[in-house]
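Please look through the sequence and the structure that follow, and keep both at hand while reading.

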Amino acid sequence: AAFVATQFDLNPQNDKLDQVMKVLNEKIKSTSVKADLAKVQEAMVGIKVGTPVPDVELIKQDGKTTKLSEMKGKPTLLVFYASWAPGMVERITPVLKELTDFYKSKMNFALINMDDNAKQFGKTSKALMNGITGTNLYAKGGLKSDAAQKFAIYGFKLPSFMVIDKDEKVASKVFFNNADTQLIETLNKQTGLTAPTAPPAQMPQGTAPAPTPEA
């Protein structure tokens with residue numbers, strides 16, 4: 001079971017995970033081991049879709065506390081990140097700006113920082129999230145926070161993205177690429193909008209395709 005879990009942890013988007021977990025649950029009789037397996041699955045792909053969202057307490061940039069439930073009424077994209085998570089500026093931020101600009105009329109965005117302290121949160125949120133629509137929030141204590149525990153967030157899984165619906169239920173698995181087509185499909189479904197897709201590359205007029213080498 002540990003070996004199987006490790007393989008999926010290295011490839012968390014594997015669509016056979018549910019099938020594997022079902023077999024394990026059928027074969028394993030111990031309730032405590034089954035409970036541990038459920039925690040492993042949650043750590044890999046996040047909270048099960050349809051489950052009520054944990055109403056964790058978070059801190060705003062002005063130091064005031066808030067809860068995710070205050071965003072109810074609209075679907076919300078949760079963005080978990082930290083200053084030390086690799087590729088934030090190069091890979092994540094440009095696409096995130098496009099997403100928030102496109103869906104902002106129909107969706108909330110909770111930009112949840114997982115740094116170790118509030119001072120670093122202040123610096124990071126201003127540097128990385130400048131110009132991005134959303135509410136900058138801090139999970140006090142970072143990876144030791146209540147939010148990290150309840151959403152199964154740990155260092156190897158940052159940055160990550162998850163969608164919750166307007167009724168405060170989990171609407172997607174955890175994604176680690178904010179350009180993932182399944183994430184875009186979920187956002188479209190939750191908002192009723194249709195994000196534009198990149199058109200196929202067009203060959204300039206008068207340009208013939210390269211000849212295929214003969215065998």
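Followed along its sequence, the protein chain of this predicted model runs through the pattern α-α-α-β-β-β-α-β-α-β-α-β-α, which comes to seven helices and six strands. The chain has 215 residues, and buried residues make up 40% of them. If we consider the contacts between residues with a separation of 6 or more, 69% of them are accounted for by residues 24 or more positions apart.

We can now turn to the interior. In soluble globular proteins, nonpolar side chains tend to be buried together. In this chain the largest nonpolar core has 46 residues, and the members that touch the most other members are L77, L78, I112, M114, F151 and L187. Several elements give two or more residues to this core, namely the strands β3 (76–81), β4 (108–113) and β6 (160–164), together with the helices α4 (88–103), α6 (146–150) and α7 (181–191).

Which residues does L78 contact, leaving aside its neighbours within four places in sequence? They are L68, A110, I112, F151, S160, F161, M162 and I164. The next residue to look at is V79, which has its place in strand β3. V79 has a relative accessible area of 1%, and because this is under the 20% limit, V79 counts as buried. When residues up to four places away in sequence are not counted, V79 touches L96, A110, L111, I112, S160 and F161. The C-alpha atoms of V79 and N113 are separated by 8.2 Å, although these two residues are 34 residues apart along the chain.

A pair of aromatic rings is described by the distance of the centres and the angle of the planes. A search of the whole structure finds three aromatic pairs. In one of them, the rings of F102 and Y103 have centres 4.9 Å apart and planes at 90°, and because an angle over 60 degrees counts as edge-to-face, that is the name given to this pair. F102 is partly exposed, with a relative accessible area of 33%, whereas Y103 is buried, with a value of 1%. Another pair, formed by F121 and Y138, is stacked, with 5.3 Å from centre to centre and 15° between the planes. This pair links distant parts of the chain, since F121 belongs to helix α5 (residues 118–128) and Y138 to strand β5 (residues 135–138), 17 residues apart. Both partners are buried, F121 with a relative accessible area of 3% and Y138 with one of 2%.

F121 leads us to helix α5 itself. The buried residues of α5 are F121, T124, S125 and L128. They cover an arc of only 100° around the helix axis, and therefore they lie on the same side of α5. On the other side of α5, the residues K119, K123, K126 and A127 are exposed. Which residue caps the N-terminal end of α5? This is N117, which has a side-chain oxygen 3.2 Å from the backbone nitrogen of K119.

Terms used:
Residues are numbered from 1 along each chain as its sequence is written. This is a predicted model: local features need pLDDT of at least 70, side-chain atom pairs count only at pLDDT 80 or more; totals for chains, interfaces and linings use all residues. Side-chain values use heavy atoms; hydrogens and water are left out. Rings of Phe, Tyr and Trp (its six-membered ring) pair if their centres lie within 6.5 Å; planes under 30 degrees apart count as stacked, over 60 as edge-to-face and the rest as tilted. Buried means under 20% relative accessible area, exposed over 50%, partly exposed in between (1.4 Å probe, protein chains only). Helices (H or I, at least four residues) and strands (E, at least two) are DSSP runs, numbered from the N terminus. The arc is that of the directions from the helix axis to the C-beta atoms. A polar contact is a pair of N or O atoms within 3.5 Å; within protein, one must be able to donate a hydrogen and the other to accept it, and residues adjacent in sequence count only if both atoms are side-chain atoms. A nonpolar core is a set of buried Ala, Val, Leu, Ile, Met, Phe, Trp, Tyr and Cys residues joined through side-chain atoms within 4.5 Å. Contact means heavy atoms within 4.5 Å.
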